[in-house]
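I am opening a new page for this structure. The entries below follow the order in which I looked things up.

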Amino acid sequence: MADTMNHLERCVAALTNQPVDRIPAYPIACGVCRRVVGDGTMLYRDWCSDPKKFAQGFIAGQKYFDFDFTIGLMDLSVMAGDMGAHVRMDEQNTPFVDDPVIKGPEDYEKIQVPDVTKGRSGVLIEGTKLFVDALKNETITAGFLEGPLLVLTQAASAEKVFMDMYNNRSAVHKALATITEYDKEMIKGMAGAKPAGLVWDYLWGSYSCLGDAEYDEFEGQQKYAGSLNEMTAKEGMAFCVHNCADLPHLDTQIKKMKPAIYSMAYYPLIPGSPSPKETIENGFADNCLVAGQIDPQGFVRWSQEKMQRTTMNLCQEVKTALCARGLNSRYVVASGCEVPPSVTTRLENIKECVDTVKQYGQVKC
Amino acid sequence: MQAQDILAGLEKAVITGNRADSIKFAKDSLDAGVKALDAIDKGLVKGMTIVGDKYAKHEYFLPQVLLAANAMYGGLDILLPHIPTEDAGKKVIGVIGVVEGDVHDIGKNIVKTMLTAAGLDMHDFGKDVPVENFVNSVKSEKASLIAMSTLMTPTMDGMKAVVDGLIENGDRMKVKIIIGGAPTSQPFADDIGADWHAINAQEAVKKVKGAM
């Protein structure tokens, strides 16, 4: 069925629970889009180290796949790397921290806010500005930043941070305070890029990892995430959250934080992992645009037919649940986690997902 | 101090994540003539089993589990050298690690802890482990179990490379293979020729203990 709304009209309608011609679609395809630039040989490490190449990926990806959103996720080692952690780069895959900067209790207090115009922080901000300038009249654009606890676990290793939450509590808080200031500098930089929204990765808000008390103390509270969420809105960007964990803290991260968009994954094998239907049924899409929940593995391992079938089933599940809840829209077919940027990801599956939503995503209650 | 009090002390030290107490009670147990194996099984392991149950019920979370594991290993370091060689030799040896290209090891560490608590002699290869280390482990470590994890999609193929390597060197039938990590599944385990997939540490213990 042909679209009758453009991307911006559809997304604004979905954000405000107005009728849509179809559910919006945005597999979180970021690094993988470098493969549709030019002759397709751009390396990941070049894409994530050069603002022009970073932006080229999103611009070419938009042209090739025709997404409804553009979200500037680079990877989760950007900020830790700029604070001094060693990042192992890869030609075709996501880089990661292989040597933390915080190794002993005394190191928590030594970390400093880097110059956000330099390093990969600078690449991220400048690259975001470039793709926002190019795509802002076509899609809803958003920058993407790592929350303070995520940055700290990258800078120190998650196991160390979790144990030090009890063994060196005040040191952990000092580091989180520093990283929150770093995040605030990043917000200012992102505000200059003028995306419509800013997505925060708060992935430790998961009941597989932290309980409510620990999550609130070490990220959710006002002086960390609370102040960042407020500043995001004050700087003119819609506050959004991404959390690809298996058992997300939905009450805190949707009902309390009140993001405009909440991107989440679904793990059918994990008891209690909320399905799309349950997420909508339990009211989490009442005041928030929920984005999910196709398994990102499918973009690598499924046949095109299976991607089509899965996307069709998701559309049907979501449409039924939205109608039962009395909602017009408020759901985006997305991938929950980033579509793997590796060369083995099947580009045709990304296209199939988007095209299937175009064909079967009409909501008629 | 009575043996019963020492065992209770070991159990409590693990449940509360108190490494110093775990070490202290482990030393006390040796001084009091408690068999090292009893101190491990009726103290440390009992405590870790309770911690595992609490984690499964979302009464404990990762920080408490990691502290408990740290406490358990503190006690184990004291007690293991005192296990008679003939008893130690009866244990099933397993190797565990995060596959090459990935450094996310919290899940691996918890599985290692729970398998250790379940009575296996787990040899930890760490993270970012080259394929050949797993492939050679049947000979180098006398492993009967290989446990591999990854949190990242691109590194999943390393698991298949391990299975293929074991087939090639003739050791596949001598070892059981279990995999885990967010992107993995039983169909993926079946695809690559692994024996089991586990969604968490409890399931890993259940599957391994049930078969080995």
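**Entry 1: one glycine.** I started at Gly74(B), which sits in helix α4 (residues 62-79) of chain B. The model is a predicted one, and I kept that in mind throughout. Is Gly74(B) buried or exposed? I find 22 C-beta neighbours inside 10 Å, so Gly74(B) counts as buried, the cut-off for that being 20 or more. Leaving out residues up to four places away in sequence, I noted that Gly74(B) touches Arg19(B), Ser22(B) and Ile23(B). I also checked Gln202(B): it is 128 residues from Gly74(B) in sequence, and the C-alpha to C-alpha separation is 22 Å.

**Entry 2: α2(B) against α4(B).** The axes of α2(B) and α4(B) come within 8 Å and cross at roughly 25°. With angles under 35 degrees counted as roughly parallel, that makes α2(B) roughly parallel to α4(B). I recorded the crossing of these two helices as right-handed.

I then listed who meets whom. From α2(B) come Arg19(B), Ser22(B), Ile23(B), Phe25(B), Ala26(B) and Lys27(B). From α4(B) come Asn70(B), Ala71(B), Met72(B), Gly74(B), Gly75(B), Ile78(B) and Leu79(B). Sorted by class, the contact of α2(B) with α4(B) has 7 nonpolar, 4 polar and 2 charged residues.

**Entry 3: α1(B) against α2(B).** I looked next at helix α1 (residues 3-15) of chain B, which packs with α2(B) at an angle of about 160°, the axes being 8 Å apart. Angles over 145 degrees count as roughly antiparallel, and α1(B) and α2(B) are therefore roughly antiparallel to each other. Their crossing is left-handed.

On the α1(B) side, the contact is made by Ile6(B), Gly9(B), Leu10(B), Ala13(B) and Val14(B). On the α2(B) side I have Asp21(B), Ser22(B), Phe25(B), Ala26(B), Asp28(B) and Ser29(B). The residues of this contact divide into 6 nonpolar, 3 polar and 2 charged. I marked Ser22(B), Phe25(B) and Ala26(B) in my notes, as they are listed in the contact with α1(B) and also in the contact with α4(B).

**Entry 4: the sheet of chain B.** In what order do the strands of the open sheet in chain B lie? I read it as β2-β1-β3-β4-β5, 5 strands with parallel pairing. β2 (121-129) and β5 (196-197) of chain B stand at the edges with a single partner strand each, so one side of each has no neighbour in the sheet.

I went through two of the pairings. β1(B) and β2(B) run parallel and are joined by 6 bridges, with Ile93(B) opposite Asp121(B) in β2(B). Strand β4 (residues 176-180) of chain B pairs with β5(B), also in the parallel sense, over 2 bridges. There I found Ile179(B) opposite His197(B) in β5(B). Of the 7 residues of β1(B), 6 are buried, so this strand is largely enclosed by the rest of the structure.

Helix α6 (residues 106-117) of chain B lies across β1 (93-99), β2, β3 (145-149) and β4 of chain B, and runs at about 170° to β1(B). Helix α9 (residues 156-168) of chain B lies across β1, β3 and β4 of chain B, at about 160° to β3(B).

**Entry 5: the sheet of chain A.** I turned to chain A and found an open sheet of 8 strands, in the order β1-β10-β9-β8-β7-β6-β5-β2, with parallel pairing. Its edge strands are β1 (25-26) and β2 (69-72) of chain A, each pairing on one side only. Strands β6 (residues 197-201) and β7 (residues 238-243) of chain A pair in the parallel sense over 5 bridges. The bridge partner of Asp201(A) is His242(A) in β7(A). Helix α5 (residues 119-135) of chain A packs on the sheet and touches β2 and β5 (140-146) of chain A, its direction making about 170° with that of β2(A).

**Entry 6: where the chains meet.** How many residues of chain A are in contact with chain B? I have 21 residues of chain A in contact with 17 residues of chain B. On the chain A side, the elements giving two or more residues are β4 (96-99) and α7 (158-167) of chain A. The largest share of that side, 6 residues, comes from α7(A). By class, the side of chain A that touches chain B has 13 nonpolar, 5 polar and 3 charged residues.

Terms used: Residues are numbered from 1 along each chain as its sequence is written. Chains are lettered from A and ligands numbered from 1 in the order in which they are written. This is a predicted model: local features need pLDDT of at least 70, side-chain atom pairs count only at pLDDT 80 or more; totals for chains, interfaces and linings use all residues. Two residues are in contact if their C-beta atoms, placed from the backbone, lie within 7 Å. Helices (H or I, at least four residues) and strands (E, at least two) are DSSP runs, numbered from the N terminus. Ala, Val, Leu, Ile, Met, Phe, Trp, Tyr, Cys and Pro count as nonpolar, Asp, Glu, Lys and Arg as charged, and the others, Gly among them, as polar. A residue is buried if 20 or more other C-beta atoms lie within 10 Å of its own, exposed if 12 or fewer, and partly exposed in between; C-beta atoms are placed from the backbone. Axes are lines fitted to C-alpha atoms, for helices over the stretch in contact, and angles run from 0 to 180 degrees between N-to-C directions. Angles under 35 degrees count as roughly parallel, over 145 as roughly antiparallel, 65 to 115 as roughly perpendicular and the rest as oblique. A crossing is left-handed if the near helix is turned anticlockwise from the far one by less than a right angle, and right-handed if clockwise. Two strands pair if DSSP finds at least two bridges between them.
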